[in-house]
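Here's a quick briefing to read alongside the model. Have the sequence and the 3D view open as you go.

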Amino acid sequence: MNQDRVRGSFAGRSLAPSLATPATESPAPGGTRAACQACGSGEMQVFYRLEGVPAHSCLMLASRQEALAFPRGEIELGFCHDCGFIGNLKFDPTLHRYSPDYEETQAFSPRFRRFLEEVWDQQIARFGLGPGMTALEIGCGKGEFLVGLCERSGCAGIGLDPGYRPERTRTGAADRITFIRDFYGPPYSHLRADYVCCRHTLEHIAPVFDFVRLVRETIGERHHVNVFFELPDMERVLRQGAFWDVYYEHCTYFTRGSLARLFRANRFDLRRLYKAYDDQYLMLEAQPASQATDPLLPQENDLACTASLIARFEKKVSDRLQSLRETFSRCRASGRRIAIWGSGSKCVSLISSLGLSRDLDAGTLAIVDINPHKHGKFLAGSGFEILSPDALSSMRPDIVLVMNAIYADEIRGDLASRSLHPEVIALI
Ligand SMILES: [Zn+2]
């Protein structure tokens, strides 16, 4: 689950092909002709561009050759001044290849497991999930969130994801969970559930309005249904200049306000809209309404703030790139060794943006990850091999660059248990 999935129906991880095509013409260079996928406005302001970006960053590649030859695409982030939506205007869904080789889970991290447990408990308590009820998860990934929800609450479950791997599921609740290895789309609008969740999937979908409309149509007149969406928060990325959180797999980006406007326009009423996981994630809880609803929550009023952050983003990114380039240059010059901890999308984006390469950095740079399913596989674009943290015992890095600061404490603990005490730099 997480980090990506609705298609077959929607571009990205869970949509139908008919909805997966870009709905816009390519804008003129530097221009703003593209239509907003969220509100239909005809004006999107381009504010950030990247070329030669690997089209996937969580797909595990078996050989370096395959990783180096992996398709690349362009990123051109556009901002809608009418609704606050941000999307990659150059996104090409035909470059996407979601499959069981997609390795997105973060559940090998104790910190992430604690977060999952909090979300399970909160959702079950808030919505009274229990026996006799059915939870539908759109873009369920490997199924771990849905399985936990069903195990803890006693409810039944339906999970949709083309990347689901049945051999990974071990649960006593198996007889009441159905997994469908496909993208969510109109063929599944008949599914009936009492609770619909969609985590780290919307950001992989280009036609966001069509997608949320389909979710609403799937619910129909069942007005008791509760809906929960979880996705990255773009406000933090803009505020921090966190360029490593912009990558090809994520074709759309939301703040609290733009997410709320999308749901309200599609006949949802919002119950809760908040941030979680050190403010990295946006959480939305909604119920169906009979018509579009008006904004009521103060945190929805963020359009002017987002526009102001957009205006400063390029400069912030430039400053952060410069600082990181200097770090890597100093290390190369002095022969110091760097290990990047975390091989997911943030890592692929960082390597791509900094132009790190095996030619330049072989012997002084290693990529490690705690997910054993990634070990021995290769990163798209750069071709770096992903190693187990066990490799650090012989490498003895001088610096460990932590791709997500929320894991810094557990990584320091892991390093200490190996009698390693490098300088730890955590990206925020
Ligand atoms: Zn818009």
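Which protein donors hold the zinc ion? They are Cys36 (SG), Cys39 (SG), Cys80 (SG) and Cys83 (SG), each lying 2.3 Å from the zinc ion. Keep in mind that this is a predicted model, where local features need pLDDT of at least 70, side-chain atom pairs count only at pLDDT 80 or more, and totals for chains, interfaces and linings use all residues. Numbering runs from 1 along each chain as its sequence is written, and side-chain values use heavy atoms, with hydrogens and water left out.

**Confidence**

- The chain has a mean pLDDT of 89 (pLDDT being the predictor's confidence in each residue, from 0 to 100), and 89% of its residues reach 70 or more.
- Residues 1-31 have pLDDT below 50, yet beyond near neighbours in sequence this stretch has 151 contacts in the model; a contact means heavy atoms within 4.5 Å.

**Zinc site**

- Donors here are N, O and S atoms within 2.8 Å of the metal (3.2 Å for Na, K and Ca), and sites may look incomplete as water is not among the atoms.
- Along the chain, the zinc donors are spaced C-x2-C-x40-C-x2-C.
- The site is tetrahedral, with angles of 105 to 113° among the four donor atoms of the zinc ion; for four donors, that label needs all angles between 85 and 135 degrees.
- For reference, the ideal angle for four tetrahedral donors is 109.5 degrees.
- Cys80 counts as buried because its relative accessibility is 0%, and Cys83 does so at 6%; buried means under 20% relative accessible area (1.4 Å probe, protein chains only).

**Around Glu235**

- Glu235 sits in helix α5 (residues 234-240); helices (H or I, at least four residues) and strands (E, at least two) are DSSP runs, numbered from the N terminus.
- With a relative accessibility of 10%, Glu235 is buried.
- Its side chain makes a polar contact of 3.5 Å with the side chain of Arg256; such a contact is a pair of N or O atoms within 3.5 Å, and within protein one must be able to donate a hydrogen and the other to accept it, with residues adjacent in sequence counting only if both atoms are side-chain atoms.
- Setting aside neighbours within four places in sequence, Glu235 touches Phe254, Thr255, Arg256, Lys275 and Leu309.

**Positive phi**

- Most residues other than glycine have a negative phi.
- His200, not a glycine, has a positive phi of about 55°; it lies in the loop between β9 (195-199) and α4 (208-219) and is buried at 1% relative accessibility.
- Ser419 has a positive phi near 60°, and its loop runs between α11 (408-417) and β18 (423-426).

Conventions: Four donors count as tetrahedral if all angles lie between 85 and 135 degrees; four count as square planar and six as octahedral if opposite donors are over 155 degrees apart and all others between 65 and 115; anything else is irregular. Buried means under 20% relative accessible area, exposed over 50%, partly exposed in between (1.4 Å probe, protein chains only).
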